Amino acid sequence: MLKRKMKFKKYMVQYYGWISSYGDWDVDDFVILAENKDEAIKVMNQRLQSVLLKGEPTIMLLSTYKAKMKAFEQKQINNK
C-alpha cells in the first residue's frame with residue numbers, strides 16, 4: 001500500500017482575546033500546520049475553545065500574511 005506524502009501549509013491565526021498571562025485584552029496569534037484551510041479552521045477552533053474572544057479570529061496562509069506585512073511596511077516607509 002502506498003502512503004501519500006502529506007503537504008502541510010502554514011496558516012496564521014490572529015485573534016483579539018483575553019491574555020491571562022498579563023491580565024488584559026490584546027491581539028495574539030499562532031501558526032497552524034495543516035493540509036488545507038478546512039483542517040486549519042478545525043484546529044483553530046479547538047485551540048481557541050478556552051480563550052475568551054472579542055470578535056472573530058482571522059486565518060490566512062502564512063505566506064499571504066507575510067506579503068501583506070511587507071507591503072504595509074513598504075507603505076509606511078514611503079509615507080515618511
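Q: What does a nonpolar core mean when I read a model like this one?
A: A nonpolar core is a set of buried Ala, Val, Leu, Ile, Met, Phe, Trp, Tyr and Cys residues joined through side-chain atoms within 4.5 Å, where buried means under 20% relative accessible area with a 1.4 Å probe, protein chains only. In soluble globular proteins, nonpolar side chains tend to be buried together. The model here is predicted, so local features need pLDDT of at least 70, side-chain atom pairs count only at pLDDT 80 or more, and totals for chains, interfaces and linings use all residues. Residues are numbered from 1 along each chain as its sequence is written, and side-chain values use heavy atoms, with hydrogens and water left out.

Q: Which residues make up the largest nonpolar core here?
A: There are eleven: Tyr11, Val13, Tyr15, Ile19, Phe30, Ile32, Ala34, Ala40, Met44, Leu48 and Ile59. Helices (H or I, at least four residues) and strands (E, at least two) are DSSP runs, numbered from the N terminus.

Q: What is Val13 in contact with, beyond its neighbours within four places in sequence?
A: Contact means heavy atoms within 4.5 Å. For Val13 the partners are Asp28, Asp29, Phe30, Ile32, Met44, Leu48, Thr58 and Ile59.

Q: How do I read strand pairing, and in which order do the strands of the sheet lie?
A: Strands of a sheet pair through backbone hydrogen bonds, either parallel or antiparallel. Two strands count as paired if DSSP finds at least two bridges between them. This open sheet has three strands in the order S2-S1-S3, with antiparallel pairing. S2 and S3 are at the edges with a single partner strand each, so one side of each has no neighbour in the sheet. On average, neighbouring strands are turned by 20° against each other, direction ignored.

Q: How many bridges join S1 to S2, and how many join S1 to S3?
A: S1 (residues 9-19) and S2 (residues 24-34) share eleven bridges; Tyr11 has Ile32 as its bridge partner, and Tyr16 stands opposite Val27. S1 and S3 (residues 58-61) share four bridges, with Met12 opposite Met60.

Q: What is found in the hairpin of S1 and S2?
A: Four residues lie between the strands, and Gly23 takes a positive phi near 65°.

Definitions and conventions
Buried < 20%, exposed > 50% of the residue type's maximum accessible area, 1.4 Å probe, protein only. Axes fitted to C-alpha atoms, helices over the stretch in contact; angles between N-to-C directions.
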